[in-house]
Amino acid sequence: MLSFVVRRLAVAIPTLLILVILSFILMYAAPGGPFNSERPLPPEVLANIEAKYGLDQPFWKQIVNYVSGVVTSFDFGPSFQYKDRSVNDVIAQGFPVTLTYGFWSFVVAVTIGVSLGVAAAIKQNTWIDYFAVGISIGAQVLPNFVMAPILLLVFTLWLGWLPGGGWSGGQWQFLIMPVIALSTSYMASIARITRSSMLEVLNTNFIRTAQAKGLPMRRVIWRHAMKPTILPVLSYLGPAFVGMITGSVIIDVFFSTGGIGQFFVNSAFNRDYSVIMGITILVGTLTILFNLVVDILYAWIDPKIRY
Amino acid sequence: MLPNRAAVEGVADQMALAEVKGRSLWADARIRFFRNRAAVISLVMLGLVAAFALFGGMFAQYEPDFVNFSLIGSNAYLGVPSIETGHYFGTDSNGRDLFARTAMGTGISLMVGVVGALVAVIVGTLYGATAGYYGGRVDGIMMRIVDVLMSIPFMFVLILMLVIFGRSIFMLFLGIGLISWLDMARIARGQTLTIKNKEFVEVAVATGVRPSKIILRHIVPNLLGIVIVYATLLVPNMIIFESFISFLGLGVQEPATSLGALINEGSRTMQFGYMWQISFPLFFFVLTIFAFFFVGDGLRDALDPKDR
């Protein structure tokens with residue numbers, strides 16, 4: 001087990017480095033510096049500014065400085081647009097928000113998705129099953145940027161139950177719509193995967209044996225069927241995590257929740273390279289770490305995997 | 001001792017009969033596909049959507065980028081969808097004809113989806129087939145690269161690229177092409193692993209056919225079934241992907257538009273009661289995605305023998 005974790009880490013760390021270096025090269029290759037504007041600065045001023053941000057140094061020195069800053073002290077450097085704050089400030093402000101509704105979305109998607117899928121599989125071809133399958137087909141065509149306007153229309157404009165946006169320190173009223181919009185399509189996918197996986201497991205010999213022994217159905221499901229059922233779901237969680245963290249951009253823009261997505265898009269329009277890079281690297285790191293955890297969990301649960 | 005003539009002819013007849021009744025793999029798949037009602041209806045729907053995207057512009061009374069200045073500010077009563085004014089779907093908040101713009105947006109979204117799927121088919125299939133065919137260390141390295149690329153959140157990298165190199169359709173296609181082939185490569189590799197031990201590949205190897213030719217002539221054609229299925233399922237994902245970027249305002253540039261951009265514009269004005277500005281693009285978006293999913297499902301049932 002330990003060697004498996006070590007080997008998996010050995011892949012994750014280069015991946016991270018590649019991400020950091022790749023985004024730095026992209027930024028470096030950008031035509032026109034970040035301080036080129038419609039009103040060109042006098043060359044002396046420009047040279048001064050570039051010296052302040054270290055942009056006058058040769059390429060290899062810049063990249064070594066940046067990478068070592070990121071790796072050793074999680075320092076993503078200063079923002080190119082706002083003189084009074086660094087990229088770390090931006091992340092510190094936005095990330096807790098994203099983390100809050102992202103966490104709840106993930107919990108909602110997994111719990112409701114798995115229970116819906118299990119219920120549909122156990123009661124195959126009953127109304128519960130049709131309901132679950134119907135929902136999961138319907139939700140497939142409702143990605144977050146379609147869900148968000150629809151929710152806003154129904155709950156804010158027509159019913160007037162929920163505030164149309166904002167955060168207010170994360171009160172529950174402000175949390176509901178982002179969480180629903182973000183989790184729906186992943187909940188549907190998880191439900192579908194769980195259902196087909198559970199159906200497959202229920203047809204295997206060891207489940208028949210368990211039933212033949214006279215175990216109550218609840219015990220068969222929880223004790224024997226659940227573990228193999230959850231494996232395909234587990235391997236879907238990685239892509240789902242990426243999707244949700246990407247979807248948070250839409251949520252932030254649409255509901256003005258003030259998470260990192262909002263800063264990301266604003267910086268994209270302002271050409272604030274360092275913020276974009278910092279957020280890209282942060283998100284990439286999270287994704288890679290999450291995939292690492294999922295892989296280890298998978299190896300731990302699945303008895304067939306040898307490490 | 002010789003078999004009598006009648007019996008021989010009988011056998012020959014039987015064979016001729018069997019030949020008539022024999023069905024190729026593809027014919028078999030076609031029959032299975034057309035038995036699936038949802039898939040057939042979806043196929044017709046897709047045809048209609050494509051026809052709308054191609055020819056809708058001809059029926060529109062206005063150009064998609066024509067700004068009707070007299071309508072700006074009076075959208076609520078003059079820009080309403082109606083036959084008389086010629087704005088079948090109404091106008092957008094800039095006084096442009098929404099019918100023409102929806103046709104244009106549908107076309108661009110479909111194009112993005114198809115191009116993404118094409119890249120996936122070409123690059124992904126060849127990459128996966130090569131990795132699977134050579135096996136061993138080559139396979140290990142090639143698939144590890146795919147793993148690494150897969151664990152990078154590409155939406156962010158793509159937005160970074162769009163910001164740095166400027167927004168254009170070409171960059172969008174490049175970005176979509178960069179990610180769409182990853183899944184396909186994995187699928188093609190898995191399938192190649194089972195094919196490469198078949199006799200016909202062994203024969204080809206034994207007769208000294210070059211590996212590149214074996215991959216192109218013997219392996220890739222046998223991957224086609226599964227490749228077509230996943231390409232069909234990829235198209236809606238690519239459309240969603242593009243719409244996502246356009247929804248943020250980072251995708252297709254004005255005056256061109258896509259369904260995502262139209263949904264974004266519509267969602268900003270729906271609170272003022274201009275419901276048609278979101279409902280028409282949304283309708284076409286949902287219809288297209290639905291249809292592609294059902295056609296893909298139908299194709300999978302028809303072509304992928306594993307899932308039956």
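In the predicted model, 72% of the contacts in chain B between residues at least 6 apart in sequence join residues at least 24 apart, a contact being two residues whose C-beta atoms, placed from the backbone, lie within 7 Å. The secondary structure of chain B comes to 12 helices and 0 strands, where helices (H or I, at least four residues) and strands (E, at least two) are DSSP runs numbered from the N terminus. Of the 308 residues in chain B, 45% are buried, that is, with 20 or more other C-beta atoms within 10 Å of their own.

This is a predicted model in which local features need pLDDT of at least 70 and side-chain atom pairs count only at pLDDT 80 or more, while totals for chains, interfaces and linings use all residues. Residues are numbered from 1 along each chain as its sequence is written, and chains are lettered from A and ligands numbered from 1 in the order in which they are written.

Between the chains, 32 residues of chain A are in contact with 29 residues of chain B. On the side of chain A, α11(A) gives the largest share, 8 residues.

Helix α11 (residues 273-301) of chain A also packs with helix α4 (residues 87-122) of chain A; their axes, lines fitted to C-alpha atoms over the stretch in contact, come within 9 Å and cross at roughly 55 degrees. The two helices are therefore oblique to each other, angles under 35 degrees counting as roughly parallel, over 145 as roughly antiparallel, 65 to 115 as roughly perpendicular and the rest as oblique. In this pair, A:V87, A:V90 and A:I91 of α4(A) meet residues of α11(A) including A:G278 and A:L282.

Terms used:
Axes are lines fitted to C-alpha atoms, for helices over the stretch in contact, and angles run from 0 to 180 degrees between N-to-C directions. A residue is buried if 20 or more other C-beta atoms lie within 10 Å of its own, exposed if 12 or fewer, and partly exposed in between; C-beta atoms are placed from the backbone.
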